[in-house]
Amino acid sequence: MKVNLNTDLDIHAFSGSGITEYDSGMTNIVIHKKGEKFKATQRPSIDISEAAADLTVNTMNDRGRGIYYWENNSKLYIVHDNDVYATSQDTTPLTSSLSTGTERVAILESLGGTPLLIILDAENDEGWTMTAGETVSAIASNFPSTLCHGGAILDTYLFVMDEDGIIYNSDTNDPTTFGALSFLTTERENDKGVYLGKHHDHLFALSTRTIEFFYDASNSSGSPVNRRQDISYNIGCSDGLSVWENGDIAYFIGSNPSGQLSLYKIEKFQVIPISNDTFDSYITQGVTQEGLRVVINGLSAMGNPTLLMTVYTVTGSSPGTIVPKITISYDAATQAWGFWNTSLESHTTFPLMAWTKRTGGHNSTVAARTGEGILYNGDIISINEKLIPVDTKLRTGGG
């Protein structure tokens, strides 16, 4: 039997966060392109290596916020609510000094100087550093009081942006210190800052109405970077959580001058829309009229970079509780759209909050790593590429 394969997501009807009628209907599917033909197979299996609900030492608050594998220490670090853990959430946290929250944190690694892990918490306007000895300290010196999502390490400087579109930089080789005059302001429009990222050894600043790029000009005073005069776009970003940087390609939910939301990608300094008009209507209505939020992250599924976009609501008083509604997938290799979910641990969606970077094996005793992720409730997951279509819970708790 031959079945027509529609790789696009043509939405016919939706209500609130739910898509009630659509074309393609591909759930948990990965598409491979063979010549001019497409072949569908089930997505790789998911292994839950740590189920947050079954931990014996700690009770989780359903607020998984970040995960990072630090090669310097050969350890996995996890941010859950206001706690930072090493290796497992079923141990005593390294610190509980972060402010409580539900939004994803950015985790960066310093270049040069003393090795440091940097945690940027835009929800609470905080920055933290962690030493190799696992001492966690707040960044206090001239750190911005209204922090945007994202952040970047460029040429040994730490760069962050505030909600007024001011880009601050640390001292060279010292992300703990920000000089009083070490900043510059985005200037394309009088709009607000949303997200700061890195693109081909440049910074890119996503604001509410514009996109700008900055390069290291080695300025001796003030900020070391200058704005690119030849590249800018009148496209805004709807939410700093709706950005996924995958190497030198970034995806985000953006708005055009008329206010229509779409999924865009930044590639080779070009900003390219990749969603269709019915998806745009769904996401515009949901975000601007229904009060829905969107978090975007991604991973590699059977060799294909796959974007995972979870639409959710937050209930209760601040910081509240995340309620995932639907997870939409986008296969960057084949431009195929679909949906992901899993039945493990009562998940009916695939609410991925963060994913670690892949690392290569650097000697005969250190193996390459394909990455781990954290779901909104704190479950730690990995991808099983054995082509066995069964999601599995490998470990519950116990440290």
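Helices (H or I, at least four residues) and strands (E, at least two) are DSSP runs, numbered from the N terminus. Two strands pair if DSSP finds at least two bridges between them.

The views show a predicted model, in which local features need pLDDT of at least 70, side-chain atom pairs count only at pLDDT 80 or more, and totals for chains, interfaces and linings use all residues. Residues are numbered from 1 along each chain as its sequence is written, and side-chain values use heavy atoms, with hydrogens and water left out.

**Figure 1. Two hairpins share strand β25**. Strand β24 (residues 249-255) runs antiparallel to β25 and is joined to β25 by seven bridges. Within this pairing, alanine 250 has isoleucine 266 of β25 as its bridge partner. Five residues separate β24 from β25 in their hairpin, and glycine 259 in the turn has a positive phi of about 100°. On to the next strand, β25 pairs with β26 (residues 270-273) in the antiparallel sense over four bridges. Here lysine 265 has isoleucine 272 of β26 as its bridge partner. The hairpin of β25 and β26 has two residues between the strands, and lysine 268 in the turn has a positive phi of about 50°. Buried means under 20% relative accessible area, exposed over 50%, and partly exposed in between (1.4 Å probe, protein chains only). Strand β25 (residues 261-267) is largely enclosed by the rest of the structure, because six of its seven residues are buried.

**Figure 2. Four strands form an open sheet**. Strands of a sheet pair through backbone hydrogen bonds, either parallel or antiparallel. In this sheet the order is β14-β15-β16-β17, and the pairing is antiparallel. The edges are held by β14 (152-154) and β17 (174-185); each has a single partner strand, so one side of each is left without a neighbour in the sheet. From one strand to the next, the twist averages 35° (axes are lines fitted to C-alpha atoms, for helices over the stretch in contact, and angles run from 0 to 180 degrees between N-to-C directions). Strands β14 and β15 (residues 157-161) run antiparallel and are joined by three bridges. Isoleucine 153 stands opposite leucine 158 of β15.

**Figure 3. The largest pocket holds about 1400 Å³ of space**. Rolling a probe the size of a water molecule over the atoms shows where empty space is left. On a 1 Å grid over the protein atoms alone, a pocket is an open set of points with protein on both sides within 12 Å along at least five of seven lines, whereas a cavity is a set where a 1.4 Å probe fits but cannot get out; lining residues have an atom within 4 Å of a point. Grid points are joined across faces, edges and corners, and a volume is the space filled by probe spheres set on the points. The largest pocket is lined by 44 residues, of which Glu245, Asn246, Gly247, Trp355 and Lys357 are the closest to its centre. Elements that give two or more residues to this lining include β6 (64-70), β18 (193-199) and β31 (352-355). Strand β27 gives the most, with five residues. By class, the lining has 20 nonpolar, 15 polar and nine charged residues (Ala, Val, Leu, Ile, Met, Phe, Trp, Tyr, Cys and Pro count as nonpolar, Asp, Glu, Lys and Arg as charged, and the others, Gly among them, as polar).

Figure 4. In one of them, the closest N and O atoms of arginine 43 and aspartate 391 are 2.7 Å apart. Arginine 43 lies in the loop between β4 (37-42) and β5 (45-50), and aspartate 391 in the loop between β33 (380-384) and β34 (392-393), so the pair ties together parts that are 348 residues apart in sequence. Arginine 43 counts as buried, at 3% relative accessibility. Another salt bridge joins the side chains of aspartate 164 and lysine 192 (2.8 Å, N to O).

Terms used: Salt bridge = Lys/Arg side-chain N within 4 Å of Asp/Glu carboxyl O.
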